[in-house]
Amino acid sequence: MSDAPKKLVISANTAWNLLSRTRLLSALKNDGWEVTACAAPDEHAMRITESTGIPFIALPMKSDSTNVFQDFLLFMRYLGLYSRIKPQAVLHINNKPNIWGTLAANLLGIPSISNITGLGVVAEKKGVIKKLVYALYKVAFRSGKAWVFFQNSDDSLFFRENGLVADMSRTRLLPGSGVDLAKYAINDAYCYKDSGVPPVFLFSGRLLITQGIRVYIQAAQRVVHLYPGTRFIIIGELEKDNPVFIPDSELSRAVTSGLVEYCGKVQDVRSYLEEADCVVLPSWYREGVPRALLEAAACGKPLIAADSPGTREPVEHGVNGYRVIPEDVSSLVEAMLHFITLTDKQKKAMGCESRCLAEKRFSDSLVLEAYLETLATFGGST
């Protein structure tokens, strides 16, 4: 290998997705890579360079678009970017970069790693669009220089059964995006309340209907009837007038009635995790492994989650929480009531199991090692 710096480009669909991986960015720099970050710009773009010193390049893209012309422009942007920077390797996160960035890298002979952060809208595609997306994945992941990282075993199985990866030996299974165990830790001052204090449930995630926010609110209605004083907090992004999110009017009614507390989108969830007794995510959206559940587990919180791909991964039923039937309000209510009736000692034991699970299976150190080990096999040159 020459003494010239090893150039690497990491790309995601939004700047936030890169900012949330600052430990990965720093690990890549410390390993001797000259890193460039590129993504669709958002309010977090400037913070990437400020926090890591890594240059950021705006790469316009719409993650939910099916516009062929826009996707072709994105492919050409990747082609131009990689031709100009001439990286020794490229990393892609999310569907658009995984497809169009990998196709551009293949054409230029650049080794790549794609991170499948859950199937999301890909799994919901129908008809011609579905066939087109599958065909693009097959072409992108046909190259002998294209590696694929999966965040859960369900997605790995999905790609294998549908023939979307030519060689499964060039794949790895990650523990989601991992969690920083030092940043998210048990705070004994807030971890458990005295007996008799009404419990606090927390929903943390985008307010997508498929992430279970409506099911959460409906369950809260039933639980409060039996256990008045129980609190239901919601934090996360709400896009008004976007049909995949819960209608603002529906959320407002629940807030106005005093049923739930909506605290909006927050930058640091740790204070809310400290306040919560149990974190709930009844999502059936095809996630990798929800970051919200990993952060809650690391903080020693019992979990209630839908028994769906990705979402089920950090929950061992009856050990550190409960898995519930997706889209089933009654199943969620039953789990919440079961949690409420636990003794303080039982709740504490569940929280300890969550922390142990986070330490054993979901440390982001495992993710960093997987990237660095695979990049080392590229040899530093194209």
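Predicted model: local features only at pLDDT ≥ 70, side-chain atom pairs only at ≥ 80, totals over all residues.

Biologist: Which side chain does Arg23 meet in a salt bridge?

Modeller: The partner is Asp180, with 3.8 Å from N to O. Asp180 counts as buried because its relative accessibility is 18%, and the cut-off for buried is under 20%. The two residues sit in distant parts of the chain, 157 residues apart: Arg23 belongs to helix H2, and Asp180 to the loop between strands E7 and E8.

Biologist: How many salt bridges does the count come to?

Modeller: The count is 17. Another one joins Arg231 and Glu261, whose closest N and O atoms are 2.8 Å apart. Arg231 is in strand E9 and Glu261 in strand E10, so this pair ties together parts 30 residues apart in sequence.

Biologist: Which residues are linked in a network of salt bridges?

Modeller: Asp154, Asp307, Arg312 and Arg323 are. Within this group, Asp307 and Arg312 have their closest N and O atoms 2.6 Å apart.

Biologist: Now the helices. At what angle do the axes of H5 and H7 cross?

Modeller: They cross at roughly 40° and come within 9 Å. The two helices are therefore oblique to each other, and the crossing is left-handed. Residues that meet there include Trp100 and Leu103 in H5, and Leu136 and Tyr137 in H7. The contact residues divide into 8 nonpolar, 4 polar and no charged.

Key. Residues numbered from 1 in each chain as written. Heavy atoms only, no water. Axes fitted to C-alpha atoms, helices over the stretch in contact; angles between N-to-C directions. Helix = DSSP H or I, 4+ residues; strand = E, 2+ residues; numbered from the N terminus. Parallel < 35°, antiparallel > 145°, perpendicular 65-115°, else oblique. Left-handed = near helix turned anticlockwise from the far one by under 90°. Contact = heavy atoms within 4.5 Å. Nonpolar A, V, L, I, M, F, W, Y, C, P; charged D, E, K, R; others polar. Salt bridge = Lys/Arg side-chain N within 4 Å of Asp/Glu carboxyl O. Buried < 20%, exposed > 50% of the residue type's maximum accessible area, 1.4 Å probe, protein only.
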